[in-house]
Amino acid sequence: MDKKPSWWTSGSNLQDIVAQYSGKFSKLFGKSSSGSTRKLKVIFHDFPGGAEGFELMLRFCYGNGKTDITPSNLVLAHCAAEFMEMKESVAGLSNLSAQTEKLLPETSYWTWSDLLIALKQCQNIESVSDSSSMLGKCLDSLVGRLVLGCEASPCPSTCSPDSSGLRFSCDSKSTESIKTNFSHSTWWFDDLVFLSPPNIEKLVQSMLVRKLDQVVISRFLLFYQKAKFSTAATEAKRKIIEMIIDMHRNMDQSCVSCKTLFGILRLTLGLNISKCSRNKLENMIGSQLDQATLDNLLVPSPYGISYLYDVNLILRFLKAFLGQGKTSLITPIRMKKVAILVDLYIAEIAPDPCLKPSKFMALATALPDYARDSYDELYHAMDMYLKVHAGLCEEERVKISCGLNYEKLSAEACLHLSRNTNFPSNSAVQALISQQSKLSNLLQGTPTTPSSTSFTDSPGSSSDAGKKGRKGKTSEQVVLYSGKFDVSADNENLRAHLQGMQWRVMELEKICKKMQTQMAKISKSRASGNSYALSLPKLCS
C-alpha cells in the first residue's frame, strides 16, 4: 500500500517486529546476520480472515503487544494468533493467543448481533483447526440464549415495552396469542440461514442437548431447506436434504409429523440421496404409517420402472411398520388403520396394466390376517386386477385368490364371487362353503367370529362411503353375533327370521354339492378356453 496506516512506525523493520511475537516468523527467518539485510517475500494464501486478519495481527505487533480486542474481532484475532503461533510471552506481556483465550468465556454475555458476526467469521475461516472450537463456543452461547429466552427478537416491533410480541393481554383472542407465541419462538430463523449444512448440524445437535422444543427445531430445518433450495445446485440440495433427514432421525419421533416426513420424501425424488439416508427416512415414515393418507402413498415410480406408482416403496414402509416380525408391539387399532390404508392403495393400483402379479400379491399378503375385519375391499381390488390382467394363467389366478380369507367375506361378496368367472372355480366353492358353515353355526348358536360382521348390499364400499351409501336404504341385513340368540317363545318375528335362514342354509348346501360334482367339467372347459359361468338359483329374501 502507498499510504501507511496510522499505527505504522517509520523506519521499522517488519521482519524483526513480527518475529518477536510470531513463532512462525521466527522459524521462517531465523536470527538475522549482523551487518546484513535480508529481503524475503512471504505469501500466506490461507491466512485466517485474509487482509483483515493480517492487519489485526500487525496492529498487535506494532502496538507492543496491545490492541483493542472486541467481540467483533475476537475470532479473527484468536485464529490469526493460532496461525502465526503467537503463544510465547514477550517482555513480560501475554502474547495475542493468551489474550484472546482469556476473553473466550465471555461469549455467553455477547449480544445476539455479536454472536452472529462471530459465527460468520468462524464459518469463513477454514485453515485454522482452532476455528472449530470457536464455532462450538459461539453456537453453545447462541443456543443458550434461545433456550433461556434472554434475547428478545431484534426486530423493532418487539423491542418496545408495549410490544405485543413480548406480552399477552388477558383479553386477547386465543388465535392471536398462538400466532404471537409462534412468532416469538421462530423470530431467529432468518438470522441463521447463512450457516452451512455442517454447521446447521452442529447447531441442531446443540439444541437437542439443551432440550430446545423439537417441534420448533423441525420447523427451522424445513425453513432452512426452503430458503437454500431457491439458489442451491443439485449437489448442494442433496447435502441439505441428507442433513435434514439425519437431524430428524435424532429427534423424538412424536415431535415429527407424518406430513413433514412425506414432504421431505417428495423433495428427495430425483436427488439421488445416499442409501443410508433413504433407509432412515423410510423407517421413520414406516413407524408412523397408520397416520398416512392415500395421497401420501401415491408416489410416482422411479425412472425406468413401468409401474405407475412406486409399489416397492410401500412394501418397504410396511416392512418398517411391522418391525421385521415385532407385530406384537403394534396395537390392533394401528394395525387396522394400516390395513384400511393398504386396501385403498391396492384398489388404486389394481387397474395398472404393468403391475406384476408378484407385486400385487406381496401387497395383498403383507399384513397379518387379524389386521382386517373384512376382506371385501381386497376382494373387489382383486376382481379389478384380474379383469385388467385377463391373460393371467390359472396358476397365477389361484395364487392371487389365496390372499383372501373367505371366512371374512360378506354374504353378498361370496355370492358375487361364486358367479365371478375371473376367479378360479375352486374359489367359488370355498366361498359358498364358508357361508354355509357360518349360517350353520349361527343356527346352532355357536360363535363364528370374535366380533360381529354385517352383510350389506354394498360390501365393496369403503367404511365411510359405505355408511353414506346405506343411508335411506331398507335392504335386509343378516348380522352374525358371537353369542347365542335369546329366542323367546313370544318373539314370532325372530323365529320366522331364523326359519328363513335355515332354508337358505339348505339351499346353499344343495348348490355346494352340485358345484362339487361339476368341478371337473369347469376345469376342462376353462382349459379349452371356453367361458363357464356358475348358475345359481335366486334365494328369496
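1. Let's start with Ile-349, which counts as buried because its relative accessibility is 3% (buried is under 20% relative accessible area, exposed over 50%, partly exposed in between, with a 1.4 Å probe and protein chains only). Ile-349 sits in helix H16; helices here are DSSP runs of H or I, at least four residues, and strands are E runs of at least two, numbered from the N terminus. Leaving out neighbours within four places in sequence, Ile-349 is in contact with Tyr-309, Val-311, Leu-355 and Leu-363, contact being heavy atoms within 4.5 Å.

2. A word on what you're looking at. This is a predicted model, in which local features need pLDDT of at least 70 and side-chain atom pairs count only at pLDDT 80 or more, while totals for chains, interfaces and linings use all residues. Residues are numbered from 1 along each chain as its sequence is written, and side-chain values use heavy atoms, with hydrogens and water left out.

3. Asp-343 and Arg-372 are both buried.

4. On to the other salt bridges: the structure holds 11. Glu-242 and Arg-238 make one at 2.9 Å, N to O, and both are buried. They lie 4 residues apart in helix H11 (residues 234-249), about one turn. Salt bridges with shared partners join Glu-235, Arg-238 and Glu-242 into one network. Glu-55 and Arg-59 pair up at 3.2 Å, N to O, also 4 residues apart, in helix H3 (residues 50-62). Here Glu-55 is partly exposed at 36% relative accessible area, and Arg-59 is partly exposed at 33%.

5. Now for a buried charge. Asp-114, in helix H6 (residues 112-124), is buried yet has no salt bridge. Which side chain of opposite charge is nearest to Asp-114? That is Arg-145, 8.3 Å away (Lys and Arg count as positive, Asp and Glu as negative; His and chain ends are not counted). Asp-114 does have a 3.1 Å polar contact with the side chain of Thr-111, a polar contact being a pair of N or O atoms within 3.5 Å, where within protein one must be able to donate a hydrogen and the other to accept it, and residues adjacent in sequence count only if both atoms are side-chain atoms.

6. Last, the core. The largest nonpolar core has 125 residues, of which Trp-188 and Leu-203 touch the most other members (a core is a set of buried Ala, Val, Leu, Ile, Met, Phe, Trp, Tyr and Cys residues joined through side-chain atoms within 4.5 Å). Not counting residues up to four places away in sequence, Trp-188 touches several residues, among them Trp-112, Leu-146 and Phe-220.

Terms used:
A salt bridge is a side-chain nitrogen of Lys or Arg within 4 Å of a carboxyl oxygen of Asp or Glu.
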